[in-house]
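Let's take a walk through this model together. Have the sequence and the 3D view open side by side.

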Amino acid sequence: MQITQKEENGIVSFSIKGRLDADSAPEAEKVVKEALEGPTNRVLFNLGALEYLSSAGLRVLLSAAKEMRRRDGKIVLCSLNEFVKEIFEVSGFQSLIPIAESVESGIKVLSQH
Amino acid sequence: MGNNNSDTESILLVDDNPANLQILFQTLEGVGCKLLIAKNGQGALSIAGKALPDLILLDIMMPDIDGYEVCRQLKSNPATADIPVMFLSALVDTEDKVKGFHLGAVDYITKPFQPDEVIARVNTHLTIHRLKREVESKKDQLEHELEVVSEVQRKLLPKQLPVIDGFKLAVSYETSRYAGGDYYDIIEISENRWGFLIADAEGHSAPAAVLMAMTCALFRAYSDLPTDPAAVLHYLNKHLCKVADPSFMTALYAVYDAKRQTMRVARAGHPLPMIYRSSEKKAFEFDCPGVYPLGIEPYEIEIPVAEIKLGPGDRFLIYTDGLTERFNSDGETYGEERLLIPLATERAATPQAIIDAILGDLTNFAGGRPADDDQALLLGIVES
């Protein structure tokens with residue numbers, strides 16, 4: 001798993017590549033937590049290169065979503081492949097965290113008032 | 001020089017030359033440990049085995065058994081394998097030193113030695129050895145505590161499966177470490193109606209075990225007859241929301257009506273149940289709608305309940321994702337598609353035989369790679 005982050009126009013974006021499972025979740029959790037120490041309230045996850053997601057991985061995304069809710073902020077997950085999308089549907093997480101087809105449409109979701 | 005050595009610790013000095021032994025003895029007299037001596041390899045092995053010293057300073061060139069051989073024998077005996085060995089030798093070639101390290105020595109000092117250097121190195125190795133023992137003892141203690149948790153946890157599971165008229169059951173429950181987050185329960189609601197709960201706390205080990213135990217206590221304290229799957233999940237969620245953060249719990253609750261042979265299912269983030277239709281000889285996932293897992297936030301919506309009619313010979317499987325997310329050595333997961341195959345096996349007819357077929361297939365798939373998540377599965381077959 002590789003996780004990178006950047007901040008642009010007030011949006012903190014994370015790109016996660018590879019497998020987000022029990023082994024790699026603590027590392028991703030740390031990166032996300034540190035990045036969210038700033039005052040940001042717009043978060044985007046680009047999951048286009050995410051191959052696999054376990055329940056430990058869902059917890060990382062859930063923690064970020066909860067944090068945004070506390071701040072009255074917004075979060076969006078973008079570009080999920082079919083496999084990851086299915087995990088979101090079966091686990092019911094799609095009703096907890098907004099999902100966008102692409103990074104562009106994700107940015108639009110975050111920019112809406 | 002200050003150190004934390006104590007007289008309950010001992011150092012074994014091994015050298016065939018009495019003059020060398022005496023110098024070494026005098027050098028280390030002040031380090032605060034009991035000093036033991038051996039004049040040859042055989043003596044060294046015998047004393048090491050009995051006294052289990054905390055450090056051994058070992059000469060290499062000795063008649064009969066040389067220092068290398070003594071070290072090899074010490075390392076191959078489980079009782080003495082952990083004792084750190086320092087070679088003290090007149091052999092100065094890199095090759096000799098490397099050979100010593102390959103045999104498992106922690107250090108190598110060339111003779112003639114500087115007393116202060118020997119003392120400093122001895123203190124370092126005694127400290128490392130002491131810390132290593134402390135870590136091991138803490139680890140043993142933690143493992144013991146988890147074992148106790150695990151024993152308590154097993155007591156929370158149903159002691160035996162109920163006998164249901166016309167519906168035969170089997171179950172399997174394995175935790176990947178001592179304690180786990182999986183839970184299943186079966187409850188008799190009223191005549192011919194039975195409730196099946198399966199749940200999986202995110203993560204494993206002690207934190208997951210606490211959530212598992214909470215869920216068990218909550219479920220058994222449910223004050224109404226648990227006939228409505230949606231109401232049961234609402235109730236569990238309401239209480240788990242107060243304690244689960246930042247974790248959560250997936251769950252599935254199904255009510256079987258033995259008279260009508262129907263299963264009514266509500267699902268919170270949990271894997272879909274699997275059905276084998278005997279009449280069609282086909283297994284499939286029962287695509288029932290669901291809500292997100294328990295313990296995150298209250299459900300503002302109605303929890304959907306799906307009903308499916310079962311016929312003679314039909315199989316109904318509920319499980320936790322430790323099964324389908326089990327890895328093989330290539331990093332692939334077992335997956336739902338694979339699980340459907342042994343569920344549809346024609347070679348076995350009893351629930352236990354089918355569970356055995358599933359676990360056998362899973363073990364084959366994993367190819368020796370141990371499970372890193374807990375696994376629970378519960379199977380019911382409608383009698384023909």
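Which residues in H6(B) meet which residues in H7(B)? Met214(B), Thr215(B), Leu218(B) and Phe219(B) of H6(B) meet Leu236(B), His239(B) and Leu240(B) of H7(B), where contact means C-beta atoms, placed from the backbone, within 7 Å. These residues divide into 5 nonpolar, 2 polar and no charged.

A word on conventions: this is a predicted model, in which local features need pLDDT of at least 70 and side-chain atom pairs count only at pLDDT 80 or more, while totals for chains, interfaces and linings use all residues. Residues are numbered from 1 along each chain as its sequence is written, and chains are lettered from A and ligands numbered from 1 in the order in which they are written.

Back to the helix pair: the axes of H6 (residues 205-220) and H7 (residues 229-240) of chain B come within 10 Å and cross at roughly 130 degrees. Helices here are DSSP runs (H or I, at least four residues), and strands are E runs of at least two, numbered from the N terminus.

The peptide bond from Asp245(B) to Pro246(B) is cis, with omega near 5 degrees. Another cis bond joins Lys111(B) and Pro112(B), with omega about -5 degrees; Pro112(B) sits in the loop between strand S5 (107-110) and helix H5 (115-156) of chain B.

Now look at chain A. Ser79(A), in the loop between strand S5 (74-78) and helix H3 (82-91), has a positive phi near 60 degrees without being a glycine.

Methods:
Axes are lines fitted to C-alpha atoms, for helices over the stretch in contact, and angles run from 0 to 180 degrees between N-to-C directions. Two residues are in contact if their C-beta atoms, placed from the backbone, lie within 7 Å. Ala, Val, Leu, Ile, Met, Phe, Trp, Tyr, Cys and Pro count as nonpolar, Asp, Glu, Lys and Arg as charged, and the others, Gly among them, as polar.
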